[in-house]
Amino acid sequence: MGKTKVIVGLGSCGIAAGAKKTYEKIQALQTAENLDFELKQTSCIGMCYNEPLVEIIDDEGHYLYGGIDEDKALEIIEKHVIQHEPLKDYVVHSDLFETLDDVFFDDQVKIALRNCGYIDPESLEEAEAQGAYRAMGKIQKEKLTADVIIQSVLDSGLRGRGGGGFPTGKKWVFARNSESDEKYIICNADEGDPGAFMDRSLLEGDPHAVLEGMIIGAYAIGVQQGVIYCRAEYPLAIKRLNIAIEQAREKGYLGENACGIEGFNFDIYVKEGAGAFVCGEETALMASVEGERGMPRKRPPFPAVKGLWGKPTNINNVETWANVPWIIREGAQEYAKYGTEKSKGTKVFALTGKIKHGGLVEVPMGMSIRDIVFKLGGGILEDKAFKAVQLGGPSGGCIPAYMADTIVDYDSVNATGAIMGSGGLVVMDETTCMVDMARFFLDFTEKESCGKCTFCRVGTKRMLEILTRITKGDGKEGDIEKLEELAYQVKENSLCGVGQTAPNPVLTTIKYFKDEYEAHIRDKKCPAKVCTELITYVVDDEKCTGCTVCAKNCPVDAISGERKQLHHIDQDVCIQCGVCYTKCNFDAIKLL
Amino acid sequence: MRISRIEQTKTFDVQNDEVDLSLLDPIIEKYKNKRGIMIPLLQSTQNLYGYLPKQAFPKLSKETGLDLSDMFGVASFYAQFRLSPVGKYIVKVCHGTACHVQGAKALTEVIEDSLKIKDGETTEDRLFTLESVACLGCCSLAPVIMINEETYGNLDGKGASKIIRNIRLEEKTK
């Protein structure tokens, strides 16, 4: 009989949900009662909506418990570990019986996330047991040449997962063919898109997958030095990366004659970002590594020819690197089995917004947005009406509900005007205002524009001003046309991806939700009731009990009415602060 | 790390802030004569003082050979760097997409009210600094705030002001 394992998910999101307290509680109990079980940590399994998660593995099988706070932790240890009576009510996933939450896992194919949530990310042994560094072992044992490796990556059809979708193998060929005694590879972990956390989870959950991917890339391209550029907002990811690098050095996977290959000297270090969205753009990222302001440089010359410190450089993003070892290990054909004709393999999405099952999912390319939202995601919060999904963050766009059968692959998504992006998928319902959404993203890019190109610097500002005006009820006829014109100018005349894509959220919302813009401009109404200046608060005659709570709380004394009498809001005085709406206990304040 | 970088309206007497510059020596020693040191050098300095004191610049420049104007250029470009002192607790309210959709704006307003400062400012007792950040990467727990290294998810206004109140109480009883 093996020892029972109790595993607590300690990713950033789990910790935010209280998993650390759960862990400490179990630890304290174990020490106090001298209990015989193995307590371990893992990272995010993707089921963020059920955090904190505790998995118990015993002789029978595995049980994943969801929503385990400190009290429930004591309960499951008591019942399951001591008395061997699993508490099925709390179980969200198990290999022994079906649960309602199985739909979250059923259609997922985990390649990049293969070990996330299953291993202790700070243990090299556990990673190795799951196959880490076996691809490098294969390369060494079978003496695979660089050409064979690159051909495998080409055959797999892997495309850049950072959003661009450029074929990874091709990128490697360019960098390999550049003549130089000094070359670099970079892992872009500057995940800046608001609403996206795929890379964070991957780095926190399985850092060795990324390291091995980079080692394979370095060997194939002929590189001595690798850099991981990680945003400073991810302290846990940086910590675990540094632990993993140290372990890999000790074990000889990094350093001189790395992985036992004579003459292959390669090492990696982590460079912390300093908070600039534009540094996710490859040339700006390299400027930042060199210690300059993170401003993009003109291309050509491309990084493959002249990159970091003026030397040939290959940049791929976290998810791309994590796919590479799997491809080498299992074979390109195996990878290309998944996906569509031009987009092979899987894609990780961060599923958030107004959705029941928010979390991290990895699905084969070609799955429809509808399936992702309604099958994996469990549908819309409070069963409200599904309005749109936003893909690709500030560079992407909105895809409306009626186009939910669009499949996720690079070309289908691009055809809608959105982009695949790095994988942030934010779900919106009837209570999300699309004009406000566009304004939100423009506000972001306007602040994050590095200021190098005039059109991006000034154009986004002018666009933001117009959008702000519209959401405040001061929109004018012709504003939509002006926005469109500015959008094309900004796209055409910006040097890097930030400016070239910044207008996308505006263009797609105008394309699919023009009626909402018109309602704001012409009728001075916000159909989703989000833009405060455009909301009218009125008392519902039938529901008002005359309790006077609204009148007492109104900061400008706009509400009149005697006790037990119908109240009335004076629209000339009302400042639309919404206090009455939140304070009313009888739902008697209506929004018009 | 920014959404908005708002100028400090309440200015502290930064010039008279006692800053022990000798603390910088080991940092300078570590990075001297290497390339690409600008950002790590400034990051280490900020880790030391909580912000980049004006007095530190000439010393860093003189001893590492970095250009003063380049240093200021970098320090003012990246959102991470602060040029004025901050509170003991830095309250970062996430304004990522998911948090925005779930009401982050209202959360900032509540915290502004309970701290009696505006976004980007520091309380007079230098206990709290309020900041808006783009995304903390905990989107499924939106709306989220982070106080120093601690993250709090699934918040509403009440929850947020309770957390602030608790920290205040803790500080008072110390």
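A salt bridge is taken here as a side-chain nitrogen of Lys or Arg within 4 Å of a carboxyl oxygen of Asp or Glu. In this predicted model, A:E182 and B:R35 meet that description, with their closest N and O atoms 3.3 Å apart. Across the interface of chain B and chain A, the rule finds 1 salt bridge. The elements of chain B that each supply at least two residues to the side touching chain A are α2 (38-49), α4 (68-77), α5 (97-101) and β4 (150-152). By class, that side of chain B consists of 19 nonpolar, 15 polar and 3 charged residues.

The contact between the two chains involves 52 residues from chain A and 37 residues from chain B. The size of an interface is often expressed as the accessible area that is lost when the parts come together. For chain B and chain A, the buried area is about 3400 Å², and carbon and sulfur atoms give 60% of this area. Polar contacts across the interface of chain B and chain A, counted where both residues have pLDDT 80 or more, amount to 12 residue pairs.

Chain B has 7 helices and 4 strands. Along the sequence, the elements of chain B follow the order α-α-α-α-β-α-α-β-β-β-α. Taken along the principal axes, the C-alpha atoms of chain B fill a box of roughly 50 × 35 × 25 Å. Two domains are assigned in chain B, domain 1 (21-77) and domain 2 (89-172). A distance of 30 Å separates the C-alpha centres of domain 1 of chain B and domain 2 of chain B.

Chain A is divided into five parts: domain 1 (5-101), domain 2 (124-336), domain 3 (346-429), domain 4 (434-523) and domain 5 (536-591). For domain 3 of chain A and domain 4 of chain A, the C-alpha centres lie 22 Å apart. Contact between these domains of chain A is made by 18 residues of domain 3 and 15 residues of domain 4. Domain 3 of chain A and domain 4 of chain A bury about 1200 Å² between them, with 67% of that area given by carbon and sulfur atoms. On the domain 3 side, the residues that lose the most area to domain 4 of chain A are A:K387, A:P394 and A:C398, which together account for 42% of what that side buries.

A:K387 also forms a salt bridge with A:E516, the closest N and O atoms being 2.7 Å apart. The count of salt bridges between domain 3 of chain A and domain 4 of chain A is 1. Between domain 3 of chain A and domain 4 of chain A there are also 6 residue pairs in polar contact, with both residues at pLDDT 80 or more. The side of domain 3 of chain A that touches domain 4 of chain A draws at least two residues from each of β12 (386-391), β13 (397-400) and α16 (410-416) of chain A. The residues of that side of domain 3 of chain A divide by class into 10 nonpolar, 7 polar and 1 charged.

Over all chains, the structure holds 38 salt bridges. One of them joins the side chains of A:K40 and A:E126, at 2.7 Å from N to O. Because A:K40 lies in strand β2 (residues 38-42) of chain A and A:E126 in helix α5 of chain A, the pair ties together parts that are 86 residues apart in sequence.

Most peptide bonds are trans, and most residues other than glycine have a negative phi. The peptide bond from A:R299 to A:P300 is cis, with omega near -5°. The peptide bond from A:P300 to A:P301 is likewise cis, with omega near 5°. A:P300 is located in the loop between α12 (282-289) and β9 (313-317) of chain A, and A:P301 is found in the loop between α12 and β9 of chain A. A:K524, a residue other than glycine, has a positive phi, near 55°. The position of A:K524 is in the loop between α22 (514-521) and β15 (537-539) of chain A.

Technical notes. Residues are numbered from 1 along each chain as its sequence is written. Chains are lettered from A and ligands numbered from 1 in the order in which they are written. This is a predicted model: local features need pLDDT of at least 70, side-chain atom pairs count only at pLDDT 80 or more; totals for chains, interfaces and linings use all residues. Side-chain values use heavy atoms; hydrogens and water are left out. Contact means heavy atoms within 4.5 Å. Buried area is the accessible area (1.4 Å probe) that two parts lose on being put together, summed over both. A polar contact is a pair of N or O atoms within 3.5 Å; within protein, one must be able to donate a hydrogen and the other to accept it, and residues adjacent in sequence count only if both atoms are side-chain atoms. Ala, Val, Leu, Ile, Met, Phe, Trp, Tyr, Cys and Pro count as nonpolar, Asp, Glu, Lys and Arg as charged, and the others, Gly among them, as polar. Domain bounds come from an automatic or database domain assignment.
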